[in-house]
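Here is a short briefing to read alongside the model. Have the 3D view open and follow the topics one by one.

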Amino acid sequence: MIWVFPLLLPMIKVDLHSHSTISDGLMTPSELVSHAASQGVQVLALTDHDDVAGIEEARAAAAHNGITLIAGTEISVTWRNRTLHILGLRIDPQHPILQQGLTRVRESRFGRAQSIAQELEKIGIQGSLEGARQFASEGIIGRTHFARFLIAQGHAKDMKTVFKRYLVKGKPGYVPHLWASLEETLSWILAAGGLPVIAHPGRYDLGRTLLNDLLSEFKSGGGAGLEVVSGSHHPEQYGQLAELAQKYDLLASRGSDYHGPGHSYMSMGRLPDLPSQCRPLWHDWEEVREHAA
Ligand code: AMP
Ligand code: MN
Ligand code: MN
Ligand code: MN
């Protein structure tokens with residue numbers, strides 16, 4: 001199917017994936033929003049991992065900076081023994097079903113963090129739980145906080161190296177974890193009136209069959225979109241992902257996955273437009289149209 005769109009919309013700088021100190025970003029929600037505004041972003045989604053605690057502050061900062069804030073979250077999911085990330089965009093962050101689900105996922109992170117610390121202790125790295133906590137705010141604790149601690153202790157020189165050496169599957173600090181199921185994640189996002197979007201599909205290394213299984217299961221479970229343009233995708237992946245979005249009748253999304261200066265795949269405000277055949281997730285959003293006017 002070929003879609004035709006008003007030419008106005010692609011001009012708007014929309015970034016629907018970013019992190020603050022509530023999860024593993026380096027900027028507070030206010031700092032993040034004013035940074036986005038200074039880089040020309042007009043519509044920004046805050047999508048902290050398994051948490052919505054930054055939305056209120058971000059919304060106030062967006063009003064102050066004259067940009068639009070989209071309430072979001074990035075939910076950690078276990079699907080067929082793999083970890084996937086599903087964005088919930090334009091959610092009601094107060095919705096009790098979503099809040100209960102996210103609380104459960106966040107709480108499960110504490111036990112996982114203890115296990116990571118125990119594993120690191122086995123290779124002689126002491127005190128990593130307390131150390132990681134110092135890099136985490138009141139929100140979630142995750143591998144990024146362990147990574148920052150390990151770098152500060154001189155165990156690796158940068159994020160890329162520290163993950164590769166300690167924190168990915170097969171490495172000493174990796175602990176398998178059971179996150180939310182895809183089905184329940186979709187039900188939480190839909191209950192909260194949001195749009196479920198598969199985050200950075202180009203990063204999962206699923207292979208053709210599994211990727212097709214995921215997309216059809218996601219679509220039939222109420223999924224709305226696929227992140228086609230992501231800070232963590234190679235530009236040569238955009239075309240193939242745009243085709244997949246069309247094949248499964250999914251809308252296309254775009255997000256930097258910004259985590260802060262020096263901790264991101266891409267700077268804010270630099271994302272290329274979606275490929276022209278894509279139907280943008282925001283094609284019928286009033287708040288985007290307002291910026292085009
Ligand atoms: P967690 O949800 O605690 O497993 O942490 C996942 C987060 O770790 C991702 O959202 C990224 O911010 C970060 N991350 C994962 N892999 C890497 C990597 N290879 N290099 C840098 N950061 C990574
Ligand atoms: Mn992250
Ligand atoms: Mn992610
Ligand atoms: Mn992310």
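The C-alpha centres of domain 1 and domain 2 lie 25 Å apart. Domain 1 is made of 9-102 + 180-292, and domain 2 covers 104-167; these bounds come from an automatic or database domain assignment. Please keep in mind that this is a predicted model, in which local features need pLDDT of at least 70 and side-chain atom pairs count only at pLDDT 80 or more, while totals for chains, interfaces and linings use all residues. Residues are numbered from 1 along each chain as its sequence is written, chains are lettered from A and ligands numbered from 1 in the order in which they are written, and side-chain values use heavy atoms, with hydrogens and water left out.

**Where the domains meet**

- Contact here means heavy atoms within 4.5 Å, and 17 residues of domain 1 are in contact with 12 residues of domain 2.
- The two domains bury about 1,200 Å² between them, 43% of it on carbon and sulfur atoms; buried area is the accessible area (1.4 Å probe) that two parts lose on being put together, summed over both.
- Three salt bridges are found across this interface, a salt bridge being a side-chain nitrogen of Lys or Arg within 4 Å of a carboxyl oxygen of Asp or Glu.
- Arg109 and Asp50 join their side chains in a salt bridge at 3.0 Å, N to O.
- On the side of domain 1 that touches domain 2, the elements giving two or more residues are α3 (96-122) and α7 (182-191); helices (H or I, at least four residues) and strands (E, at least two) are DSSP runs, numbered from the N terminus.
- The element that gives the most to that side is α3, with three residues.

**Manganese ion (ligand 4)**

- Its donors are His17 (NE2), His19 (NE2), Glu74 (OE) and Asp257 (OD), at 2.1 to 2.2 Å.
- Donors are N, O and S atoms within 2.8 Å of the metal (3.2 Å for Na, K and Ca), and water is not among the atoms, so sites may look incomplete.
- His19 sits in the loop between β1 (14-15) and α1 (29-38) and Asp257 in the loop between β7 (251-255) and α10 (286-292), so this pair ties together parts 238 residues apart in sequence.
- From the manganese ion (ligand 4) to the manganese ion (ligand 2) the distance is 4.7 Å.

**Manganese ion (ligand 3)**

- Glu74 (OE), His85 (ND1) and His200 (NE2) coordinate the manganese ion (ligand 3) at 2.1 to 2.2 Å.
- Glu74 belongs to strand β3 (residues 68-79) and His85 to strand β4 (residues 82-89), so the pair ties together parts that are 11 residues apart in sequence.
- The manganese ion (ligand 3) and the manganese ion (ligand 2) are 5.6 Å apart.

**Asp257 and its partner Arg203**

- The structure holds 12 salt bridges.
- In one salt bridge, the side chains of Asp257 and Arg203 meet at 4.0 Å, N to O.

**Around His95**

- His95 is placed in the loop between β4 and α3.
- Not counting residues up to four places away in sequence, His95 touches Ala191 and Ala192.
- The side chain of His95 reaches the backbone oxygen of Ala191 at 3.3 Å.
- His95 and Gly193 are 98 residues apart in sequence, yet 8.7 Å apart in space, C-alpha to C-alpha.

Notes
Polar contact = N/O pair within 3.5 Å; in protein donor to acceptor, adjacent residues only side chain to side chain.
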